[in-house]
Structure formats: C-alpha cells, structure tokens
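This report walks through one protein model. It starts with a term, then takes up the domains, the ligand and the salt bridges.

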Amino acid sequence: MAAASMAAFSGCASPLYSTLRSGLTSRLAPFTLRHRHRLRRLRASAATLREVCAGRVPEHVLQRAEEVGYVVPTEVQEQSLPVLLSGQDCILHAQVTGSGKTLAYLLSVFSAIDFGRSSVQALVVVPTRELGMQVTKVARILAAKACTVMALLDGGMLRRQKSWVKAEPPAIIVATVASLCQMIEKRAFSLQSMRVLVIDEVDFIFGSSKQVSSLRKILTSYSAASSRQTIFASASIPQHNRFVHDCVQHKWTKTDVIHVHVNPVQPMPSHLLHKYAICSKKERLHVLLSLLEKDAPKSGIIFVAEQSEKSKKAGHPPSTTVVVEFLRTTYMGSLEVLLLEEDMNFNARATSFTEVKGKGFLLVSTDIASRGFDLPQTSHIYNFDLPKTATDYLHRAGRTGREPFSKSACSVTTLITEDEHFVLQRFQNELKFHCEELPVESIFAFNL
Ligand SMILES: Nc1ncnc2c1ncn2[C@@H]1O[C@H](COP(=O)(O)OP(=O)(O)OP(=O)(O)O)[C@@H](O)[C@H]1O
C-alpha cells in the first residue's frame, strides 16, 4: 500500500513544495531525517497563507481570507496544505482540536472548483446541523458570492431546497448525512461532477449507527474515489493505521492516500488548565454554581451526559433540563443560560445556536456540542458528568482555547465522584495531560 504517514511534514514555498504541487507525490513516502531538519528550518522562516496557497487558490479567495484575519497558517494548515493543494487524497488528522482544519480543507475545495461552472463540484459532509452551519458560514465568507454554497442540513427546508438545487446547482454543498442521502435518492442532483469530497469528524460519523451505512454509500455508491479528491478530517482517529488500510481496502480513497498526522505526541492544546473536584452527586449542582461564581467565565460550556433509556422510561427529566433549571433560578451572573441537546426540535436548536454566537453564554449541552463547535469566546469548560471516553474528553476540552495564536489560559474542570477518579486518571495517561485537584472546600470557601 502506498499510503504514507506524514507526521513531520511542513514547509511550503520550497523546492520540495514545488515537487508536491507538480504532482510527484510518490516521493513523499521515504521521508528522511534530513528532510525533517530541512523542513523545520523552512518552517522557521514562516511562510504566509498566501505563499502556501500561491498559484493554487484563486486570488479573490486569498484576499477574503486575509480580510477576515487568516494571514499566517496554523501548524495544521502548514503541514496539510501542500498535500491538499496537490489534489492528493488525505486523512487530515490533527490531534489538537481548534487547529484550523476547516480552513485547510476549504482552501483545497476552492483550489479545485471551476467558479464558472454550474454543477455540484464539492461536498462537505458533517455530523451535525450546527457544525454544518458553521462550515457553511466560513465557506460563504471565503466564496464572497463568486460561487454558491448550499447547506443541506437536518431540520432544513429540504423540499424548497430540492427545487433550488435542481434549478441552479451550487458549486459547494455542506450537508449532514441523512439530508444528503434523501436528496440524492430523490435525484435532486448528481455527484457526477464532484471533484472534492470532505468528510469532517470522520470518526464520529463512522461511529454513529444512524449515519454509518449512508456514509458508506456516499463514499462508494454515489461516486467513485478514482474521480474525486477525498479528504477525511478529525482530531481523533482511533486506530488510525487500520483506518488508512480500510480507506484503501474499501476504495474510500485512492491507494496513495496520505495520512497527515499533526501533533501525535501532544493531543491536548498546551495552554489548557485541567482541574477536577471530587464531590457526591448530590453536591454537584452546588459545586458547579460555586465554580461559576469563582471562575466568572467570559463564556462557558457545561457538558452533561445524555439521558439513558432507563431514565427516560422512568419518566425522569434529563440531566440537561435539571442543570438548566437550577442555574436559571440560582445563577446571578451576567451570562445567559442556554440549552442545546439532540432531542430538541431543530428550530429550538437553531435558536440556541444563534443566541450562543451573539453574547456571553453558559451553554448546557450534551456531547452534541463537543464536535466542531467553534465559539472562540468560550473560556471555561465544565464536565458536569465525566465523559465516556478519552476521545470525548479531548473533544469537549477542545471547545475552549480556540484562538490559534493566543496563549491566554482557558480551563476545563471535571466534577467526579471518588469512584470515578481512576477513570479520569486513565484519560490523563491516554491523552498525556495533567489534571490538578481543586478541593471542594476551596470552591465553597470562595463564596463565603
Ligand atoms: N490561519 C488562521 N489564522 C487565524 N485564525 C484561524 C486560522 N485558521 C483557523 N483559524 C480559527 O481557528 C479556530 C479553529 O478552527 P477550526 O474550527 O477549523 O478548528 P478545527 O481544527 O476544525 O477544530 P475541531 O477539531 O475542534 O473541530 C476558528 O475560530 C478559526 O476561525
């Protein structure tokens, strides 16, 4: 298999980069230490985003990118863009969240599409409506009306969109899996002219029993890997070597797919402070309230476990509702308490998401907000319930510290019972971060 891992690839306006761009990517596989040293030196000279994309991404897109503040590439962009812009299939695996994967794959999309053509040329598949809204917004900003970007998202007005997409096919579609398949099956449009297929949060979609079979169809039945560039993106791809193998085996990608693996050693953003407090389940709401008063976050997200089927059957309210109601009656700060969970209807979800964007908030949410949500004003994360896995911890924690070039401290605080301590310890070992204990007395003492 010719799939190559490129953990240490970087450097752009260089002869090596030109080689890449001219399509001779088979040279990438035998990456030597000498190359790495050379590339590290090149990186020190810090090419701008414009330099990295020169000749590949249209000038008007680069200009828009600069206008919105995308001038210097993040590490992920620096490492992945040479591969992406060469048209190579790519597994964009940036172990740190908030590292700028969206811009990296969108620039690749803009480099591949023909702006004068009226057909669907790029498709970005996302797991949730909210992430879809975000990606669409960034794509529209960069496109600046030079091409159409359509969002086909769960809860959208699919019937009306079906007529639009038929009358005037957009160049770029951002879609959730179910809505997309519905439209394709109704023959609203075809993917014959598709040049780029991006699957964002790929591990999440493959892990979702509701989405996985449709995703397989998108990858192999509705279009062929040989006729498109395929890009998979995520901060977490468990068993990534196996995944690279599967991509080739199942023809999701071409055989020379490149695995760009950034920050394999340090998955957690380095400027996050991790803390935990041990308390009983009964004390948890009061500890949370005291923490909010002590921390005075700019904005915060409080992650709560999804309600179990057993609890639903027993007629109990979901924990999200309990936390929201408690905070709405006791929290005296200036932030607005908002709720976001999967079971809410799409209008209510849209309202919460839009409100969150505008002002200071305390968003109480299930893991639905843990993937891809980009709310840079989030200074604090609270795990009211311990996440189920280390990967879930990584994605929840990654909702803060999302300004790539800012090192301002952001914090993640997890509330656990005595019995859960070893689980948190396991997450720390797996993700290689340190979590400091915050004695509950010190939290309560602050409010005396
Ligand atoms: N080159 C850049 N310069 C400045 N800001 C950037 C740049 N690239 C991305 N950003 C900003 O960084 C933030 C995080 O980017 P993005 O949402 O793409 O991260 P991500 O890698 O997809 O994260 P996650 O894995 O958590 O979904 C966004 O607010 C984005 O606007």
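## Terms and model

A polar contact is a pair of N or O atoms within 3.5 Å; within protein, one must be able to donate a hydrogen and the other to accept it, and residues adjacent in sequence count only if both atoms are side-chain atoms. Between domain 1 and domain 2, four residue pairs are in polar contact, both residues at pLDDT 80 or more.

This is a predicted model, in which local features need pLDDT of at least 70, side-chain atom pairs count only at pLDDT 80 or more, and totals for chains, interfaces and linings use all residues. Residues are numbered from 1 along each chain as its sequence is written, and side-chain values use heavy atoms, with hydrogens and water left out.

## Two domains

The protein splits into domain 1 (49–262) and domain 2 (273–445). These bounds come from an automatic or database domain assignment. The C-alpha centres of the two domains are 29 Å apart. Domain 1 puts 21 residues into the contact and domain 2 puts in 20, where contact means heavy atoms within 4.5 Å.

## The interface

Together the domains bury about 1700 Å², with 61% of it on carbon and sulfur atoms. Buried area is the accessible area (1.4 Å probe) that two parts lose on being put together, summed over both. Thr97, Glu130 and Gln134 supply 33% of the area that domain 1 buries against domain 2, more than any other three residues.

Two salt bridges cross the interface. A salt bridge is a side-chain nitrogen of Lys or Arg within 4 Å of a carboxyl oxygen of Asp or Glu.

## Around the ligand

Which residues come nearest to the ligand? Of the 21 residues around it, they are Gly98, Lys101, Thr102, Asp374 and Arg402. A residue counts as near if one of its heavy atoms lies within 4 Å.

Lys101 has a polar side-chain atom 2.7 Å from a ligand oxygen. In Thr102, a side-chain N or O atom is 2.7 Å from an oxygen atom of the ligand. Gln77 places a polar side-chain atom 2.8 Å from a ligand nitrogen.

## Salt bridges

The whole structure holds 13 salt bridges. Arg371 pairs with Glu201 at 2.7 Å, N to O. Arg64 pairs with Glu67 at 2.6 Å, N to O.

Arg64 and Glu67 both sit in helix α4 (residues 59–67), three residues apart, about one turn of the helix. Helices (H or I, at least four residues) are DSSP runs, numbered from the N terminus.

Note on methods. Helix = DSSP H or I, 4+ residues; strand = E, 2+ residues; numbered from the N terminus.
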